[in-house]
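This report walks through one protein structure for a reader who is new to such models. Keep the sequence and the 3D view open while reading.

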Amino acid sequence: VQLQASGGGLVQVGGSLRLSCADSAGAFWMYGMGWFRQAPGQERNFVAFSSGGGGRAYYADSVKGRFTISRDNAKNTMYLQMNNLKPEDTAVYYCAADRSTHGFSTWYANWNEYEYWGKGTQVTVSS
């Protein structure tokens, strides 16, 4: 698995961005995939998760109703549509993938449960 995140940039409050995470190695559908973000001096925090087939999606409370995770397994790509962006959304955004069996149902929200990570993409929301 080789993940590459893209689509970050500078946007004004209330604006939108769409992040992409592409996997060049294939078998994309086998992996649960998540988005995390990390602001300077802060921990890496969960944003959103998509199950391998795309049938299940989970979100952090802070982004519910504003962000939408999706994936196109035929294109080996996952997306994060971010609308109504706020200054507190400013962070480096990372995509991650894992196919392991996990012992608890909310594993997807823990960054240390993911085996594969892409390089981050910076999102800056200006007021």
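The sections below cover the disulfide, the core, the strands, one arginine, the aromatic rings and some loop residues. The model is a predicted one.

## The disulfide

The structure holds 1 disulfide. Its partners are Cys21 and Cys95, with sulfur atoms 2.1 Å apart. The pair links distant parts of the chain: Cys21 belongs to strand β3 (residues 17-23) and Cys95 to strand β9 (residues 91-98), and the two cysteines are 74 residues apart.

Which hand does the disulfide of Cys21 and Cys95 have? The torsion about the S-S bond is about 70°, so the disulfide is right-handed. Both Cys21 and Cys95 are buried.

## The nonpolar core

The largest nonpolar core has 34 residues. Within this core, the residues that touch the most other members are Trp35, Leu80, Met82 and Tyr93. Several strands supply at least two residues each, among them β1 (3-6), β4 (32-38), β5 (44-50), β7 (67-72) and β8 (77-82). The largest share, 5 residues, comes from β9.

Leaving aside neighbours within four places in sequence, Met82 is in contact with Gly15, Ser16, Leu17, Leu19, Arg66, Phe67, Tyr93 and Val123. One of these, Tyr93, is also among the core residues that touch the most other members.

## Strand faces and pairing

In a regular strand, side chains alternate between the two faces of the sheet. β1 pairs with β3 in the antiparallel sense, over 4 bridges. In this pairing Ser6 stands opposite Ser20 of β3.

## Arg37

Arg37 is found in strand β4. Is Arg37 buried or exposed? The relative accessible area of Arg37 is 12%, and the cut-off for buried is under 20%, so Arg37 counts as buried.

The side chain of Arg37 makes a polar contact with the side chain of Tyr93, at 2.9 Å. Leaving aside neighbours within four places in sequence, the residues in contact with Arg37 include Glu43, Arg44, Ser62, Phe67, Glu88, Asp89 and Tyr93.

## Aromatic rings

The count of aromatic pairs comes to 12. In one of them, the rings of Tyr114 and Trp117 have their centres 6.0 Å apart and their planes at 65°, so the pair is edge-to-face. Tyr114 is buried, with a relative accessible area of 6%, whereas Trp117 is partly exposed at 25%.

Tyr114 and Trp117 also belong to one aromatic cluster, together with Phe36, Phe46, Phe49, Tyr58, Tyr94, Trp107 and Tyr108.

## Loop residues

Most residues other than glycine have a negative phi. Asn76 is not a glycine, yet its phi is positive, at about 55°. Asn76 lies in the loop between β7 and β8, and at 18% relative accessibility it counts as buried. Asn84 has a positive phi as well, of about 50°, although it is not a glycine. Asn84 is placed in the loop between β8 and β9 and counts as partly exposed, with 41% relative accessibility.

A further loop residue is Ala27, found between β3 and β4. Ala27 is partly exposed, with a relative accessible area of 37%. How far apart are Ala27 and Asn73 in sequence and in space? They are 46 residues apart in sequence and 8.4 Å apart in space, C-alpha to C-alpha.

Terms used. Residues numbered from 1 in each chain as written. Predicted model: local features only at pLDDT ≥ 70, side-chain atom pairs only at ≥ 80, totals over all residues. Heavy atoms only, no water. Disulfide = S-S within 2.5 Å. Buried < 20%, exposed > 50% of the residue type's maximum accessible area, 1.4 Å probe, protein only. Core = buried A, V, L, I, M, F, W, Y, C linked by side-chain atoms within 4.5 Å. Contact = heavy atoms within 4.5 Å. Polar contact = N/O pair within 3.5 Å; in protein donor to acceptor, adjacent residues only side chain to side chain. Pairing = 2+ DSSP bridges. Phe/Tyr/Trp six-rings, centres within 6.5 Å; stacked < 30°, edge-to-face > 60°.
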